[in-house]
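The sequence and structure are shown first.

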Amino acid sequence: MVRLRLILVFGLVSSSALFAPSDDILPASSTPELIVTHAEPPDYPPALHGDPRVEVRVSVEITPDGHVGAGRAETGSTFLTPYAEAAASRWTFNSTPDGPTREALITFIFAGVEEVVGPGGVVVSFDNPLTMRLRYTLSLIRWLPRTDGVLPDKRCPVHDELMRVDLIPIVYGLALMSTNKPSRRQAREAQAYFEARESLFPNTNQQFGGGCMVGVAKQAEVQYCESCRKAEEQWLAAHPDARRFL
Ligand SMILES: [Zn+2]
């Protein structure tokens with residue numbers, strides 16, 4: 001039934017007012033042609049809501065200059081509706097100077113979320129000009145940003161060394177704190193470690209905190225300095241008490 005309706009929508013869009021005719025909608029024969037000139041996907045963050053598989057249909061009024069004057073979701077889900085309505089409001093259509101207000105039904109098909117190793121994003125395809133199919137991809141790896149597809153070189157300011165690239169595990173949640181109050185000596189060791197890290201080995205980048213919200217990404221791409229990692233090892237060998245806090 002849903003499928004049939006979509007086909008009907010597509011077939012009718014250029015020739016007729018589609019829904020609940022109102023006074024200012026012209027009869028089918030005189031409704032001007034409707035051509036999509038810009039279509040935008042919803043700016044929807046799938047990681048926040050799991051894997052939706054739902055259709056959201058947004059009924060829109062199109063002004064003579066081709067912009068969406070008003071839009072309202074007819075079906076959908078509570079959390080997807082605002083994203084679909086916002087996207088539909090940014091669609092544009094051919095202009096019909098001195099023409100009437102036109103109506104259309106834009107359908108967004110949220111076709112699921114896939115986990116991929118490559119970059120995440122949204123893959124958009126069209127079942128017809130007014131039906132946009134969206135497949136979201138979430139990356140299992142948190143990639144560093146690239147410039148024109150290239151990871152910019154980075155140098156360690158302490159060792160003047162070109163940094164290498166590594167994939168390290170992402171640790172979600174708050175750092176586990178010991179319930180025992182640290183002794184003064186232990187606190188001093190920890191403080192000494194953080195000071196040493198800042199000045200002697202700032203670019204070890206062996207741990208990646210993912211925050212409290214557990215995400216899809218399991219690993220993070222990082223740039224690190226080989227000499228920083230060696231310097232940290234040496235420092236920890238000389239300060240065995242500090243290692244216990246790390
Ligand atoms: Zn370094």
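Four strands make up an open sheet of mixed pairing, ordered E8-E13-E11-E12. The edges are taken by strand E8 (141-142) and strand E12 (208-211); each has a single partner strand, so one side of each is left without a neighbour in the sheet. Strands (E, at least two residues) and helices (H or I, at least four) are DSSP runs numbered from the N terminus, and two strands pair if DSSP finds at least two bridges between them. Within this sheet, strand E11 (residues 164-172) pairs with E12 in the parallel sense over three bridges. Isoleucine 170 has phenylalanine 208, in E12, as its bridge partner.

The model is predicted: local features need pLDDT of at least 70, side-chain atom pairs count only at pLDDT 80 or more, and totals for chains, interfaces and linings use all residues. Residues are numbered from 1 along each chain as its sequence is written.

Another open sheet has five strands in the order E3-E2-E5-E7-E6, again with mixed pairing. Its edge strands, strand E3 (68-73) and strand E6 (121-128), each pair on one side only. From one strand to the next the twist averages 25°, where axes are lines fitted to C-alpha atoms and angles run from 0 to 180 degrees between N-to-C directions. E2 and E3 run antiparallel and are joined by five bridges. Isoleucine 62 stands opposite valine 68 in E3.

The largest nonpolar core has 22 residues, of which Ala84, Ala88, Ile106 and Phe108 touch the most other members. Such a core is a set of buried Ala, Val, Leu, Ile, Met, Phe, Trp, Tyr and Cys residues joined through C-beta atoms within 7 Å. At least two residues of this core come from each of strand E2 (53-62), H2, strand E5 (102-116) and strand E7 (131-139). E5 gives the largest share, seven residues. Apart from neighbours within four places in sequence, isoleucine 106 is in contact with Val58, Val60, Ala88, Trp91 and Leu130; contact means that C-beta atoms, placed from the backbone, lie within 7 Å. A second, separate core has five residues, among them Met163, Phe201, Cys225 and Ala231.

Serine 89 lies in the loop between helix H2 (81-88) and strand E4 (92-93). Leaving aside residues within four places in sequence, serine 89 is in contact with Val68 and Gly71. Tyrosine 224 lies in strand E13 (residues 219-224). Beyond four places in sequence, tyrosine 224 touches residues including Met163, Asn203 and Arg229.

Why do serine 89 and tyrosine 224 count as partly exposed? Serine 89 does so because 16 other C-beta atoms lie within 10 Å, and tyrosine 224 because it has 19 C-beta neighbours inside 10 Å. The cut-offs are 20 or more other C-beta atoms within 10 Å for buried and 12 or fewer for exposed, with partly exposed in between.

The table gives one C-alpha separation for each residue.

| Pair | Separation along the chain | C-alpha separation |
|---|---|---|
| Serine 89 and arginine 72 | 17 residues | 9.4 Å |
| Tyrosine 224 and arginine 155 | 69 residues | 9.0 Å |

For the chain as a whole, the secondary structure comes to five helices and 13 strands. Of its 246 residues, 19% count as buried. Among contacts between residues at least 6 apart in sequence, 70% join residues at least 24 apart.

Notes: Two residues are in contact if their C-beta atoms, placed from the backbone, lie within 7 Å.
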